[in-house]
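Please examine the sequence and the structure shown here before reading on.

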Amino acid sequence: MRTPPATRDSAFLKACRREPVPHTPVWFMRQAGRSLPEYLKVREGIAMLDSCMMPELVTEITLQPVRRHKVDAAIYFSDIVVPLKAIGIDLDIRPGVGPVIAEPIRTRADLARLRDLTPEDVPYVTEAIRMLTAELGATPLIGFAGAPFTLASYLVEGGPSRNHERTKAMMYGDPELWADLLDRLAEITGAFLKVQIEAGASAVQLFDSWVGALAPADYRRSVMPASAKVFDAVASYGVPRIHFGVGTGELLGLMGEAGADVVGVDWRVPMDEGARRVGPGKALQGNLDPAVLFAPTEAVEEKTREVLDAAAGLEGHIFNLGHGVMPATDPDALTRLVEYVHQQTAH
Ligand code: CP3
């Protein structure tokens, strides 16, 4: 196992393993990024995708929220489309929009463009993670990837989508092509997570951000086999595998079943109800509404107390927001929140 003993004993990894913790660990999805002035400063004049390929810059950006907020884990600064770019898909990340694909994947012939990913395709990932783990000491580094459904949605639609209509048209209209597309993406994603774990990531999160658009029966039939394949690909490393999506209240049980050790819950489902839906044997991560951080401190504390109370009976709770930090969030509110959770849960 690559995780050093001090990191293995961190509150974050203990909570992932459902062991007793000195305090409830905290990290935030999108903790690195536009809410931080120091991030805006170092990113000035550098395009998002270019920044992901600059190991020293990635190291600095990943460390910024750890230094500032004293969060219990770092998340590798990158984006879910980086492995697609690395295998030659022509795409860009447009500010204020998100990933845009030059030529969407819509036919069987298009699948040939999704070749396997090898470590040689992403040398900057290995380099950045090695630098990071050296700097982080006992603080764990979370690697991540986009799940097959969410990646497929960007590839098929050609960009962000509210209703995923072309994606669903393929899923329902050509189930064989759909299954083959998701299987290709599962191979690529599994390989990408392996690179991150081999380089030193001590946990991984699979983001299926948009899968909440599906009903459980469709998830089980058309998505779960591919997500399960990703989790299986990294099972032998023994690092905790976190699974998260937005609006996935009805899918929580299945998302755990796909092979996650930790299931992320958004703010729509209370943590105790989330635990009931996920079932025994898994830790839970969540779930303060990120918009709550725009309210006064007393309100933030009250809503945080509600999350902590709902999670009090859980074996293994990692405090997080129900989705990513919004760019306009006051960074001081995040620092105060980390302090508050630590203080409220210390024993
Ligand atoms: O701190 C962290 O959480 C690590 C950084 C991170 C980024 N993207 C950096 C980023 C992570 C974990 C992601 C994952 C990601 N990317 C997801 C899954 C997480 C989620 O929010 O559900 C998704 C769906 C994407 C696709 C994507 N990339 C979107 C929707 C956007 C935002 C577009 C915009 O400008 O509002 C991006 C761009 C992006 N990825 C930014 C950052 C910091 C903003 C671009 C910038 O700072 O210039």
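Which residues does Ala201 touch, not counting residues up to four places away in sequence? Ala201 touches Tyr76, Ile129, Leu141, Ile142, Gly143 and Gln196, where two residues are in contact if their C-beta atoms, placed from the backbone, lie within 7 Å. The model is a predicted one, in which local features need pLDDT of at least 70 and side-chain atom pairs count only at pLDDT 80 or more, while totals for chains, interfaces and linings use all residues. Residues are numbered from 1 along each chain as its sequence is written.

Ala201 is also among the residues with the most contacts inside the largest nonpolar core, together with Ile142, Leu185, Val204, Val211 and Leu284. This core has 111 residues; a nonpolar core is a set of buried Ala, Val, Leu, Ile, Met, Phe, Trp, Tyr and Cys residues joined through C-beta atoms within 7 Å. A residue is buried if 20 or more other C-beta atoms lie within 10 Å of its own, exposed if 12 or fewer, and partly exposed in between, with C-beta atoms placed from the backbone. Helix H10, residues 175-199, gives the most to this core, with 12 residues. In soluble globular proteins, nonpolar side chains tend to be buried together.

The chain as a whole has 16 helices and 9 strands; these are DSSP runs numbered from the N terminus, helices being H or I of at least four residues and strands E of at least two. Its radius of gyration, taken over C-alpha atoms, is 19 Å, close to the 20 Å that the globule rule gives for 347 residues, so the chain is as compact as a globular protein of that length. The rule is 2.2 Å times the number of residues to the power 0.38. Buried residues make up 49% of the 347 residues.

The ligand is surrounded by 21 residues, the closest being Ala32, Gly33, Gly98, Phe207 and Ser209; a residue is near a molecule if its C-beta atom, placed from the backbone, lies within 6 Å of it. Ala32 is found in the loop between helix H2 (11-16) and helix H3 (37-43), and Gly33 is found in the loop between H2 and H3. Ala32 is buried, because 23 other C-beta atoms lie within 10 Å. Gly33 counts as buried with 21 C-beta neighbours inside 10 Å. Among the residues that Ala32 touches are Tyr39, Ile61 and Phe77, whereas Gly33 touches Tyr39, Val325 and Pro327, not counting residues up to four places away in sequence.
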